[in-house]
Amino acid sequence: MERAVNFEEIFEKDILHYADSSKFCSVGFGGQFEWLILPKTSQDFCEYISFLNNKQTPYKVLGNMTNIIPQDGLMKGIFVSTKLIKEPPKVVGNRIIANAGASLFEVCKVALEHELGGIEKLCGIPGTVGGAIFNNAGAFGTEIANVLESVLVIDGLEMKSLPVADLGLNYRTSNFKTNKQIILSATFMLHSSNKNDIISTMRECAKKRSQTQPQAASAGSVFKRTALGAAGMLLDKCGLKGKTCGGAEISKKHANFVINNGGATCQDYKTLVKLATDTVWQNFGIELEREVEYLGENNESNSRLSHT
Ligand SMILES: Cc1cc2nc3c(=O)[nH]c(=O)nc-3n(C[C@H](O)[C@H](O)[C@H](O)COP(=O)(O)OP(=O)(O)OC[C@H]3O[C@@H](n4cnc5c(N)ncnc54)[C@H](O)[C@@H]3O)c2cc1C
């Protein structure tokens, strides 16, 4: 029989055992990651994923953890986050090549420095390149699909470059939600612009965000847009703004944000999500679809996204 893998030995410098998710996830609550691997370079990230795939060990890749809701208690299994990989994106002509762990903010900053336009409206999304592609993140009428040219992925034991047309990018979704590919890096195709125009768009977007969105800890919009319009508008019409459960609250500023006012638990968050879902269903006959991802629920995400 093969000896069990000793993760602490293999990932020695980059592994945490029983890591507190509230310190890593933007919602600021949750239980513990049984194993959390935090590579500091994209080369280590690639080697760790190859190793795990080779050993057929299930794991879940995470970015900056700004779209996930970690469960209370122990989240069993291996989680690999790219959030500590700090390598500056490279510029080649009108293209920017960024590793999966680069923040969208960093990519937008480099685009500004090189007077490359097209991506500036995504500047305020707090995720990584990998997480943003996974969800086809978007804001103010621009989404990742509009600026992405190709991605480099690991698919099992193979590395592949895929053009954007093959990624199934649609409103807050992509093929990555159902396949087992891991994003290593991305190439964005931008256009020549000028610093003043880019800065003014960035400022306008930042202003709109601060006017309409809460500052407190959250995972961004809870629900996707509906056939009747923005989920926040429906929730507002149902009078749900300001409803609380424990330390969680449906934001008084924006009804599609559930915030952590301090001491919230995953259960508090889910209770409000259920209240919102049920109330909108009763009032409008619309089934709200979640944009945030519940993590570690019955270890479901681990087994569903197990990579071989
Ligand atoms: C204050 C706030 C504002 C926000 N505003 C917006 C907004 O305007 N628009 C918007 O679209 N979103 C918004 N979000 C949500 C979130 O920031 C985005 O969905 C973001 O793209 C998630 O990136 P992440 O790196 O945090 O991913 P994570 O939350 O860590 O992970 C999200 C998913 O991506 C997968 N993933 C991550 N990296 C990889 C990889 N390398 N390979 C394969 N899969 C991977 C994970 O498995 C997971 O399923 C907001 C969130 C907050 C907290």
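1. Strand E2 (residues 32-37) runs parallel to E5, and five bridges join the two. Within this pairing, Gln-32 has Leu-74 in E5 as its bridge partner. Strands are DSSP runs of E with at least two residues, helices are runs of H or I with at least four residues, and both are numbered from the N terminus. Two strands count as paired if DSSP finds at least two bridges between them.

2. The model is predicted: local features need pLDDT of at least 70, side-chain atom pairs count only at pLDDT 80 or more, and totals for chains, interfaces and linings use all residues. Residues are numbered from 1 along each chain as its sequence is written, and side-chain values use heavy atoms, with hydrogens and water left out.

3. E5 also pairs with E3, again in the parallel sense, over three bridges. Here Leu-62 has Ser-81 in E5 as its bridge partner. Six of the eight residues of strand E5 (residues 74-81) are buried, so E5 is largely enclosed by the rest of the structure. Buried means under 20% relative accessible area, exposed means over 50%, and partly exposed lies in between, with a 1.4 Å probe and protein chains only.

4. Which strands give residues to the ligand shell? Strand E3 (60-62), strand E9 (138-139) and strand E13 (182-189) each give two or more, as does helix H4 (129-135). H4 supplies the largest share, five residues. In total 31 residues surround the ligand, and the closest are Val-61, Thr-66, Thr-128, Gly-138 and Glu-293; a residue belongs here if one of its heavy atoms lies within 4 Å of the ligand.

5. By class the shell has 14 nonpolar, 13 polar and four charged residues. Nonpolar covers Ala, Val, Leu, Ile, Met, Phe, Trp, Tyr, Cys and Pro, charged covers Asp, Glu, Lys and Arg, and the others, Gly among them, are polar. Domain 1 (7-84) and domain 2 (90-199) each give at least three residues to the shell, with bounds from an automatic or database domain assignment.

6. A polar backbone atom of Gly-63 is 2.7 Å from a ligand oxygen, and a backbone N or O atom of Asn-67 lies 2.9 Å from an oxygen atom of the ligand. At Ile-183, a backbone N or O atom is 3.0 Å from a ligand nitrogen. The ligand taken alone exposes 980 Å², of which the protein buries 93%; accessible areas come from the Shrake-Rupley method with a 1.4 Å probe, and for residues only the protein chains shown count as cover.

7. Val-92 stands opposite Arg-95. The hairpin has two residues between its strands, and Gly-93 in the turn has a positive phi of about 60°.

8. Is Asp-14 buried or exposed? With a relative accessible area of 4%, Asp-14 is buried. Asp-14 lies in the loop between helix H1 (7-10) and strand E1 (15-20), and its side chain makes a polar contact of 2.6 Å with that of Tyr-48. A polar contact is a pair of N or O atoms within 3.5 Å; within protein, one must be able to donate a hydrogen and the other to accept it, and residues adjacent in sequence count only if both atoms are side-chain atoms.

9. Most residues other than glycine have a negative phi. Gln-56, not a glycine, has a positive phi of about 55°; Gln-56 sits in the loop between helix H2 (42-54) and E3 and counts as exposed because its relative accessibility is 57%. Arg-172, also not a glycine, has a positive phi of about 50°. Arg-172 is in the loop between strand E12 (158-163) and E13, and counts as buried because its relative accessibility is 13%.
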